[in-house]
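Dear colleague,

Please find below the structure that I am handing over to you.

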Amino acid sequence: MDFMNQNALKRSRFGSVTGTIVELVPTRIGNRRADGCMLFLTVEDMDGNTVNFVVTPSTYVVDFETLAVGMTCTFWYSMDAPMPLIYPPQYNAVAAAARKNGRMVDVGYYDTSLVNEDQTLQLNLDGSVEVRTTNNQYFQGSPAGRNLVVTYDNSTRSIPAQTTPLKIVVLCDFCRG
């Protein structure tokens, strides 16, 4: 396998939808009965479009907040994952964050210079930044070259914007190679 293909394996592309949760019910996979471990959410965006999300035990919810009907949230999903061709669209949520004043969240691949894939945000680590896994354990490596959930409250107006994050969560499920 050449370097280019190895690099492609480590990166996942993430899409996102922001909207209000209008329905939230326990769900199941296949013929199994709903066991309470997974949720089926219907989200309505600002334009009135509906999108469905499945929230599994591996979905990272920022700050471990409890999702509820009426909350405005952003949900991220892997654009590389298979998905059913149905309407409204249905995605497996990789991460979710409730909207909070002053808090910004970015989900994506950060290169070895800690710049996100669309070149809009660069992370500055000063030793005070918590780097965790999705199950809230301390991450024992470098976050560079990985898929991350980055929570921050301010950034510079440069291109790319720079920030010292409040917290970084490594999406280990999306780390391969």
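Lys100 forms a salt bridge with Glu65, with 3.6 Å between the closest N and O atoms; the term denotes a side-chain nitrogen of Lys or Arg within 4 Å of a carboxyl oxygen of Asp or Glu. Lys100 sits in the loop between strand 6 and strand 7 and Glu65 in the loop between strand 4 and strand 5, so the pair ties together parts 35 residues apart in sequence. Strands are DSSP runs of E of at least two residues, numbered from the N terminus.

This is a predicted model, in which local features need pLDDT of at least 70 and side-chain atom pairs count only at pLDDT 80 or more, while totals for chains, interfaces and linings use all residues. Residues are numbered from 1 along each chain as its sequence is written, and side-chain values use heavy atoms, leaving out hydrogens and water.

Asp63 and Arg103 also meet in a salt bridge, at 2.7 Å from N to O. Asp63, Glu65, Lys100 and Arg103 are linked in a network of such bridges. Arg103 is buried, as its relative accessible area is 14%, whereas Asp63 is partly exposed at 38%; buried means under 20%, exposed over 50% and partly exposed in between, for a 1.4 Å probe and protein chains only.

The structure holds five salt bridges. Among them is the pair Arg132 and Glu130, at 3.0 Å from N to O.

Finally, Ser142 lies in the loop between strand 9 (130-133) and strand 10 (146-152) and is partly exposed at 45% relative accessibility.

Yours sincerely

Key. Helix = DSSP H or I, 4+ residues; strand = E, 2+ residues; numbered from the N terminus.
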